[in-house]
Amino acid sequence: MEPSAEQPIVLDAGDREAGTFCARCGVEVVRGEAVAQCARCGTLHHRDCWDAGAGGCNSYACAPARRPSRGEADPRSAWTITVEELDRAIPLPAPRDPFAGPGVAASSSSTTPEAMRWSRTAVAALIVAVAGIPLFGVVTGVIAIVLACIALGTIHRTQRRGLALAVCGLLLGVVDIIGWSIFLTTWYAPRATTALRPPEMELDPAALQAVDPSIADAMRANVVISARSGFDGERLGSGVVLKLENGVAHIVTNRHVIDSSYSGDAGDSAKPTVGSILVRMLGQPPAEGKLLWVAPSGVDLAIVTVNCASGEVRAANYPAAHALKLGDPAFAVGNPHALGWSFAPGSVSQMRKWNVGGQELLVIQTTAPINSGNSGGGLYDKDGFVVGINTWTEDKQVSEGIGFAISFDSVLRLAPPAALRVKPASPLQREK
């Protein structure tokens, strides 16, 4: 190799040159050591290494085999980058882990500030879903599901945090909808006494003139009771007028007709849940009723008072002249399925004892048809004396002609004297 015509810059290594590696031998340059610096590319060599290389630079840029011939353009000329080109430059995306899910960076060093932020929509979805548990979850559950779906799309696109929150909000929103739907269809479903229509075919008082007096008096003592409380549907039942005094009627009925919280337990005597009570009597429009009394120990009896201005209404006949016996004829008067003032004949099937909350009651089993709406109505003997309050029946799908009425003797024993028209005699006294 012929000596190079290029002349290096010869100097002693100072602070700037010290620590640089020689392009030929690769040994570190020491401060004060004689060095030769290529005038073309500025690469440092030990002075001895420069001379050993036949006076040529050993850097990649100045290697003789890659130097241009005289008269040729130097392909190693530097590129020029303008400010406008820098402004238009787009940085490369952060590297991703091929085994990680979509939107997950390879390492914490590639995570952008945007990805470190929580998704507010995901947080809102979870809050709304949790709030739907005590609140009306059918509405809040739908809102939570919509917010969760929006949050999942945002998280996938922007790599924000909150994926678990969005999924929890979505699932909890679905649970809110299902749970509240079941609750509304079971707890607030219409009970057995619920009617979806007003009483139909109202009785014409004139029609009672041709009816047997025992049945006519029972019809005049019958009332239609409809009650409503909270979200519960309309509850339809019957009642029997016990007393008429100073334009006020005292009416006995079943507690479950007017109290939506009644369950039949002994503890139900505490606080009845009563809303509006409407009483329809013969010959006058519906009037607002007021709860006067509920039976102790959870017995299914209650007394309601209402203003009465009709001359067609009568108090029921009681007490009966004779004690009721097995096989005696009997008839029920009530308002089955919203058909007011209906007559249903039957007989006494059995006399049974029933203990509820420490109270021993006499219960009459009868074949007189008792349907939804008959609850609280009267069961009468053949002479038209009220002998029982119709209370419940067996399931019509598995039985027929099996109804039960609380004996009127038990009603008279429990009811407050101020609500009664006469002081009853005992069954033994009536037999005498």
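Residues 24 or more positions apart account for 59% of the contacts in the chain with a separation of 6 or more; contact means heavy atoms within 4.5 Å. The structure is a predicted model, in which local features need pLDDT of at least 70, side-chain atom pairs count only at pLDDT 80 or more, and totals for chains, interfaces and linings use all residues. Residues are numbered from 1 along each chain as its sequence is written, and side-chain values use heavy atoms, with hydrogens and water left out.

The chain has 10 helices and 16 strands. These elements are DSSP runs numbered from the N terminus, with helices as H or I of at least four residues and strands as E of at least two. Of the 432 residues, 40% count as buried. Buried stands for under 20% relative accessible area, exposed for over 50%, and partly exposed for values in between (1.4 Å probe, protein chains only). The accessible surface of the chain comes to about 23,400 Å², and carbon and sulfur atoms hold 60% of this surface. Accessible areas come from the Shrake-Rupley method with a 1.4 Å probe; for residues, only the protein chains shown count as cover.

Two strands pair if DSSP finds at least two bridges between them. Q350 stands opposite Q365 in strand 13.

Strand 2 (residues 34-37) is joined to strand 3 by three bridges, and the two run antiparallel. A36 stands opposite H45 in strand 3.

The largest nonpolar core has 37 residues. Such a core is a set of buried Ala, Val, Leu, Ile, Met, Phe, Trp, Tyr and Cys residues joined through side-chain atoms within 4.5 Å. The residues with the most contacts inside it are V252, V299, L301, Y318, Y380 and F408. Helix 7, strand 5 (235-245), strand 11, strand 15 (386-393) and helix 9 (408-414) each give two or more residues to this core. Leaving aside neighbours within four places in sequence, Y380 is in contact with A218, A221, V240, P329, A330, F331, V333, F385, V386 and V387. A second, separate core of 19 residues includes I225, A227, I277 and V304.

A search of the whole structure finds seven salt bridges. The criterion is a side-chain nitrogen of Lys or Arg within 4 Å of a carboxyl oxygen of Asp or Glu. R31 forms one with D15, the closest N and O atoms being 2.0 Å apart. Both residues lie in the loop between strand 1 and strand 2, 16 residues apart. R31 is exposed at 54% relative accessible area, and D15 is exposed at 63%. Another salt bridge pairs E312 with R220, with the closest N and O atoms 2.6 Å apart. E312 lies in the loop between strand 10 (302-307) and strand 11 and R220 in helix 7, so the pair ties together parts that are 92 residues apart in sequence. E312 is partly exposed at 27%, whereas R220 counts as buried at 11%. The side chains of D259 and R255 also meet in a salt bridge (2.9 Å, N to O). D259 and R255 are buried.

Some backbone features remain. The peptide bond from Y318 to P319 is cis, with omega near -5°. P319 sits in the loop between strand 10 and strand 11. N246, a residue other than glycine, has a positive phi near 55°. N246 lies in the loop between strand 5 and strand 6 (248-253) and is exposed, with a relative accessible area of 77%. S297 is also not glycine and has a positive phi, near 60°. S297 belongs to the loop between strand 9 (290-294) and strand 10 and counts as buried at 17% relative accessibility.
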